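Biologist: Can you take me through this model in plain words? I am new to reading structures.

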Amino acid sequence: RTCHVGSLSLSDMSACVEFNQVSKYFGDVHALDQVSVVCPGGAVTAIVGASGSGKTTMLAMVNGLVMPDAGEVRVFDQPVPHDGIEAFRHKIGYAVQGAGLFPHLTAFDNVTLMARLIGWGEGEMQARFQELLEEVDLPASVASRLPDELSGGQQQRIGLCRALMLRPDLLLLDEPFSAIDPITRSEIYQQFEKVKVTEPVSTLLVTHDLREARRLADYLIILSAGQIQQHGETLAVLDHPQSEYVERLVESQLD
């Protein structure tokens, strides 16, 4: 089956991220071992694997938090730079498990922190903040609240707003929904699907949950022990596992 995003199939889309023979070692551990894969632009790509599979290392390489020992990572056809990394990261939104909000800052100050640092005006920040609150269905009253005055689901949505604040070209999500309860998670999925329409940004989602990947992702990469087991359009991978590992994973999580 061919997955379509908008009017294009994934095969027609240009790449947002490319891994070319990428390896990374931490001591004797091969976190990634000659990984090569292309993530389609304008789509949600889920990187799925157990703890220690290398999925978070892959994500961290995209915004230069981790540099490869061999190979190259390219973002929108440009190599991840060694110099000028801060300006490069302004084009990339990043949201993590547990939201990662600064506890001493209000929701408004958390979301607008980077915009303030790069010189946005107060009116521009207010307008963008209100726009994002509407997209994730949060009331204006959350603006003045500290993170511990927000529910887990509200914190996660504020974290998503922060990641989207600068209108990034690429959104990186590192297990952002795993720390919230199942009912709230279902609501967050609905909000994320709504945001995908209003903020059509290329997205890489790291998760250990195939159900989450099946619901949210257009493209799927399955990792184990630093190597790609299978990748392709989500439904094609799930319907046609090409290795015993992928077959076991699908059976254990989706059957």
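Modeller: We can go from the whole chain to its sheets and then to its helices.

Biologist: What kind of model is this?

Modeller: This is a predicted model.

Biologist: How many helices and strands does the chain have?

Modeller: The secondary structure comes to nine helices and twelve strands.

Biologist: And what does the radius of gyration say about how compact the chain is?

Modeller: The radius of gyration is 18 Å, close to the 18 Å that the globule rule gives for 255 residues, so the chain is as compact as a globular protein of that length. Along its principal axes, the C-alpha trace spans about 50 × 45 × 40 Å.

Biologist: Sheets next. What is the order of the open sheet of four strands?

Modeller: The order is E4-E3-E6-E7, and the pairing is antiparallel. Strand E4 (29–40) and strand E7 (78–79) are the edge strands, each pairing on one side only.

Biologist: How many bridges pair E3 and E4?

Modeller: Eight bridges, in the antiparallel sense. One of the pairs is Tyr25 with its bridge partner His30 in E4.

Biologist: What do E3 and E4 form, and how many residues are between them?

Modeller: E3 and E4 form a hairpin with two residues between them. Gly27 is in the turn and has a positive phi of about 65°.

Biologist: How many bridges join E3 to E6?

Modeller: Five bridges join strand E3 (residues 15–26) to strand E6 (residues 70–75), and these strands run antiparallel. Asn20 stands opposite Glu72 in E6, and Ser23 has Ala70 in E6 as its bridge partner.

Biologist: Which strands does helix H1 touch as it packs on the sheet?

Modeller: Helix H1 (residues 55–62) touches E3, E4 and E6. The direction of H1 makes about 120° with that of E3.

Biologist: There is also an open sheet of six strands. What is its order?

Modeller: The order is E8-E9-E10-E5-E11-E12, and the pairing is mixed. Strand E8 (92–96) and strand E12 (227–233) are the edge strands; each pairs on one side only. From one strand to the next, the twist averages 15°.

Biologist: How do E11 and E12 pair?

Modeller: Strand E11 (residues 219–224) pairs with E12 over six bridges in the antiparallel sense. Among the residues involved, Leu223 has Ile228 in E12 as its bridge partner.

Biologist: Helices now. At what angle do H3 and H4 pack?

Modeller: Helix H3 (residues 107–117) and helix H4 (residues 122–135) pack at about 125°, and their axes are 10 Å apart. Because of that angle, H3 counts as oblique to H4. H3 passes H4 in a right-handed crossing.

Biologist: Which residues make the contact?

Modeller: On the H3 side they are Ala107, Phe108, Val111, Thr112, Ala115 and Arg116. On the H4 side they are Glu122, Met125, Gln126, Phe129 and Leu132. By class, the contact of H3 with H4 has seven nonpolar, two polar and two charged residues.

Biologist: What about H4 and H5: how do their axes cross?

Modeller: The axes of H4 and helix H5 (residues 152–164) come within 10 Å and cross at roughly 135°. H4 is therefore oblique to H5. The crossing of H4 and H5 is right-handed.

Biologist: Which residues meet there?

Modeller: Arg128, Leu132 and Leu133 in H4 meet Ile158, Cys161 and Leu164 in H5. The contact of H4 with H5 divides into five nonpolar residues, no polar ones and one charged one.

Biologist: One pair left on my list. At what angle do H3 and H5 pack?

Modeller: H3 and H5 pack at about 25°, with axes 7 Å apart.

Biologist: Why is H3 called roughly parallel to H5?

Modeller: Angles under 35 degrees count as roughly parallel, so H3 is roughly parallel to H5. H3 passes H5 in a right-handed crossing.

Biologist: Which residues of H3 and H5 meet?

Modeller: Ala107, Asn110 and Val111 in H3 meet Ile158, Cys161 and Arg162 in H5. By class, the contact of H3 with H5 has four nonpolar, one polar and one charged residues. Ala107 and Val111 are also in the contact of H3 with H4, and Ile158 and Cys161 are also in the contact of H4 with H5.

Terms used: Residues numbered from 1 in each chain as written. Predicted model: local features only at pLDDT ≥ 70, side-chain atom pairs only at ≥ 80, totals over all residues. Heavy atoms only, no water. Pairing = 2+ DSSP bridges. Contact = heavy atoms within 4.5 Å. Axes fitted to C-alpha atoms, helices over the stretch in contact; angles between N-to-C directions. Parallel < 35°, antiparallel > 145°, perpendicular 65-115°, else oblique. Left-handed = near helix turned anticlockwise from the far one by under 90°. Nonpolar A, V, L, I, M, F, W, Y, C, P; charged D, E, K, R; others polar. Rg over C-alpha atoms; globule rule 2.2 N^0.38 Å.
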